[in-house]
Protein chains: 2
Amino acid sequence: MRVLICGIDGYIGWPLALHLESEGFEVYGIDNFSRRRNVRNVGAHSALPILSMERRLDVVRKHSGKRIKFLHGDLRKYEDASRAVKESDPHAIVHLGEQPSAPFSMMNCKHATDTQQNNVLGTLNLLFAIRDNAKDAHLVKLGTMGEYGTPNVEIPEGFFDIEYQGRRDRLPFPRQAGSFYHLSKVHDSANIALACKIWGLISTDIMQGVVYGSRTQELADYGLNTRFDFDQVFGTVINRFCAQAVIGYPLTPYGYGGQRRGFIALVDSIQCLTLAIQNPPRMGEYRVFNQLDEVYGVNELAEHVKTVADTMSIDVEIRPIENPRVEAEEHFYEVAHERLRKLGFRPTRSLDEELGIILGDLLKFKPRILSKKRLIAPTITWRGQKKVPPIITEKARTMEVPEQMARSSMT
Amino acid sequence: MRVLICGIDGYIGWPLALHLESEGFEVYGIDNFSRRRNVRNVGAHSALPILSMERRLDVVRKHSGKRIKFLHGDLRKYEDASRAVKESDPHAIVHLGEQPSAPFSMMNCKHATDTQQNNVLGTLNLLFAIRDNAKDAHLVKLGTMGEYGTPNVEIPEGFFDIEYQGRRDRLPFPRQAGSFYHLSKVHDSANIALACKIWGLISTDIMQGVVYGSRTQELADYGLNTRFDFDQVFGTVINRFCAQAVIGYPLTPYGYGGQRRGFIALVDSIQCLTLAIQNPPRMGEYRVFNQLDEVYGVNELAEHVKTVADTMSIDVEIRPIENPRVEAEEHFYEVAHERLRKLGFRPTRSLDEELGIILGDLLKFKPRILSKKRLIAPTITWRGQKKVPPIITEKARTMEVPEQMARSSMT
């Protein structure tokens with residue numbers, strides 16, 4: 001079975017490629033390296049050092065004798081999207097090739113428009129490329145649970161049956177996303193649903209919870225890392241908390257910390273994407289999966305990280321800070337997520353087991369995190385003020401940054 | 001009161017400018033002339049000849065002594081959006097500056113992406129320009145009733161109160177638009193709602209029915225025309241039917257012709273936009289109006305045009321053709337539209353009176369319609385096949401095209 005991975009160089013793309021390759025899939029990838037570029041542009045780097053794509057592919061070739069085909073291309077160009085689809089002649093296409101950061105999209109007008117341009121127009125190009133070259137291929141598209149926002153009713157998997165003014169219909173569940181990034185995924189979902197309706201394309205739109213983790217089986221086998229971001233722009237909450245814990249920087253829930261979200265470990269995200277690929281919907285179907293393992297509150301996560309860190313003799317302080325976002329800090333949150341379970345999804349490890357692995361991996365690269373300590377505190381605010389929040393603790397402010405790490409040449 | 005009109009050169013923008021000017025508003029406009037360019041690029045022209053913006057503005061100045069300020073600018077550039085907002089220092093901004101054609105957006109990948117780029121990113125730039133320069137200004141944004149699609153329940157004005165799984169919430173009504181153009185407006189609506197939420201902007205998002213008509217009071221007073229498109233790309237159903245009637249081309253409902261939509265006359269669209277401007281929502285509110293007069297089925301409209309044409313001794317044939325779109329041809333359709341009525345909206349004329357005026361205006365320019373007869377039949381299909389539908393009647397095919405009109409230099 002042939003699979004095209006758009007965004008193969010990313011946090012999820014790369015371990016997915018290795019997993020599919022090890023499962024016997026023929027893997028073809030496309031990436032424009034915009035994630036590496038954007039992370040560099042905000043002055044940050046991955047906590048775990050990562051190889052160039054060329055060297056990654058070399059390692060795979062030496063290890064398995066198999067060749068992952070790669071196109072350095074950009075979905076913002078129809079020609080590149082079309083070439084990738086044509087050359088890979090895929091049974092399934094996994095589209096992870098988007099700008100993935102909410103804070104990045106909220107920095108200023110240029111970042112907001114760049115994010116929607118990259119994500120919305122890139123996906124449109126890909127849809128046309130599929131229509132023109134591989135109409136029967138199954139598009140597995142990475143959306144986000146953030147598309148739904150935090151409504152006061154249970155969130156179904158994409159659609160819901162309602163009664164309104166005495167009549168009934170099955171309708172898309174309303175989206176109320178909270179950033180221009182999250183909205184780009186909302187726009188994608190609507191564009192993909194139309195493409196399925198009018199052209200008969202088939203797609204699974206994955207509303208994924210926040211992903212955390214540093215390791216999958218294949219990453220360990222190959223001795224490779226996937227990227228692990230912890231800065232205010234590209235890091236997500238659990239990974240950030242773990243990086244903060246490792247360098248003795250207080251964990252920083254935003255506001256009251258009562259925000260509840262769905263979460264899933266990296267290894268389980270890949271398990272789920274693989275299940276989606278192996279179980280395509282019927283022709284013309286636009287299907288939505290809510291891809292998460294458990295729902296947690298942010299304060300609860302901070303406590304989990306503190307508890308696990310304690311067992312590793314890492315001393316952790318929790319210090320809430322002013323919320324840079326505009327969001328409810330206490331709210332109802334329930335999410336239906338049965339469809340992937342019905343296809344066989346079973347979480348690999350408990351949250352605490354996973355946290356232990358992450359902390360262990362990060363401890364080895366503590367100086368890389370320390371060297372970018374100044375990029376941890378959020379300065380990007382949803383309301384657009386240009387202010388820098390107060391440094392949290394004297395301890396964090398005065399920590400030593402090893403000079404050689406600040407000059408590290410690794411990405 | 002100062003008003004900025006984005007898209008002042010368009011079908012609605014121009015008569016709105018004249019109306020607001022005559023009502024004592026200070027009017028400032030911006031346009032990039034993309035509508036003129038796009039119409040020219042598909043080989044078509046306006047049935048009613050229109051002057052250049054420069055000459056239009058001259059006529060206004062000579063007639064009223066007042067000056068409408070105009071910026072030749074492009075909302076796809078933040079700098080232009082920002083300059084327009086800064087220079088006009090508006091109390092209200094009416095945003096009509098979008099690519100308005102569904103068939104245009106369905107021609108190919110480039111047209112789909114160009115449409116979403118122009119509309120979605122243009123609106124994003126405008127939102128940032130308002131945030132940065134005129135945070136208290138009221139954004140009146142032209143959306144479309146097409147954002148909602150044709151659900152099997154009544155369509156409320158933007159939001160609805162529902163009960164689901166035993167809990168209640170007020171949610172945005174789900175959007176199920178039927179073209180990449182209509183989706184661009186859906187994306188806009190979501191982006192605007194977020195801008196209101198996080199920045200406290202205030203906006204009225206107008207879900208407008210299909211507009212028809214050739215005349216407003218001010219257009220007649222000034223002896224000016226607004227554009228009137230009738231080709232397959234830029235013409236909308238009632239205007240197209242009238243143009244077809246005038247040249248003896250059969251009226252062409254798509255498929256069964258049972259599609260029901262909301263409609264509003266041009267003069268009433270302008271009445272409603274003016275009411276929205278005069279009655280802004282409260283700070284930070286994102287408000288939705290369904291702006292239509294009546295709901296009609298397409299076959300019913302064809303019959304109305306035929307009946308009115310009969311009274312003017314115009315012989316009309318109705319000949320359904322294969323539907324180039326993907327849409328339900330028989331469906332439930334009910335739309336709440338109370339909010340503008342509550343602000344005082346009263347339709348100016350009956351549909352049949354308006355049809356009589358349109359037919360009368362068009363009769364004077366019959367040769368201009370005849371000369372573009374080949375652009376009436378739809379060749380752009382939603383499914384993307386590249387086929388030309390059969391010519392409808394022998395009569396239509398063999399009609400004479402006056403040579404001098406084909407070479408006309410008017411837009």
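## Contact between the chains

Two residues are in contact if their C-beta atoms, placed from the backbone, lie within 7 Å. This is a predicted model: local features need pLDDT of at least 70, side-chain atom pairs count only at pLDDT 80 or more, and totals for chains, interfaces and linings use all residues. Residues are numbered from 1 along each chain as its sequence is written, while chains are lettered from A and ligands numbered from 1 in the order in which they are written.

By that contact rule, 42 residues of chain A touch 42 residues of chain B. Four elements of chain A give two or more residues to this side: helix H6 (109–133), strand E6 (159–164), strand E7 (167–172) and helix H7 (180–199). Helices (H or I, at least four residues) and strands (E, at least two) are DSSP runs, numbered from the N terminus. H6(A) gives the most, with 11 residues. By class, the side of chain A that touches chain B has 24 nonpolar, 10 polar and 8 charged residues. Ala, Val, Leu, Ile, Met, Phe, Trp, Tyr, Cys and Pro count as nonpolar; Asp, Glu, Lys and Arg count as charged; the others, Gly among them, are polar.

## Symmetry

Chain A superposes on chain B by a rotation of 180° with 0.0 Å of shift along the axis, at an RMSD of 0.0 Å.

In chain A, the C-alpha nearest the axis belongs to A:Pro174, 2.5 Å from it. Both copies use the same surface: 100% of the contact residues of chain A recur in chain B.

## The sheet of chain B

Chain B holds an open sheet of 7 strands with parallel pairing, in the order E3-E2-E1-E4-E5-E8-E11. Strands pair if DSSP finds at least two bridges between them. The edge strands are E3 (69–72) and E11 (286–291), each pairing on one side only. The twist averages 15° from one strand to the next.

E1 (residues 2–6) and E2 (residues 26–31) of chain B pair in the parallel sense over 5 bridges. In E2(B), B:Glu26 is the bridge partner of B:Arg2. Helix H1 (residues 13–22) of chain B lies across E1, E2 and E4 (92–95), running at about 165° to E2(B). Helix H10 (residues 266–278) of chain B also packs on the sheet. H10(B) touches E1, E4, E5 (138–142), E8 (202–208) and E11, and its direction makes about 155° with that of E5(B). Axes are lines fitted to C-alpha atoms, for helices over the stretch in contact, and angles run from 0 to 180 degrees between N-to-C directions.

## Helix pairs

In chain B, the axes of H6 (residues 109–133) and H7 (residues 180–199) come within 9 Å and cross at roughly 15°. That makes H6(B) roughly parallel to H7(B); angles under 35 degrees count as roughly parallel, over 145 as roughly antiparallel, 65 to 115 as roughly perpendicular and the rest as oblique. Residues of H6(B), including B:Ala112, B:Val120 and B:Leu127, meet residues of H7(B), including B:Phe180, B:Ile192 and B:Trp199. This contact has 9 nonpolar, 7 polar and 3 charged residues.

In chain A, the axes of H11 (residues 298–311) and H13 (residues 351–363) come within 9 Å and cross at roughly 60°. A:His304, A:Val305, A:Val308 and A:Ala309 in H11(A) meet A:Leu351, A:Asp352, A:Leu355, A:Gly356 and A:Leu359 in H13(A). By class, this contact has 6 nonpolar, 2 polar and 1 charged residues.

Technical notes
Copies are superposed by least squares on the C-alpha atoms of residues with pLDDT of at least 70 in both.
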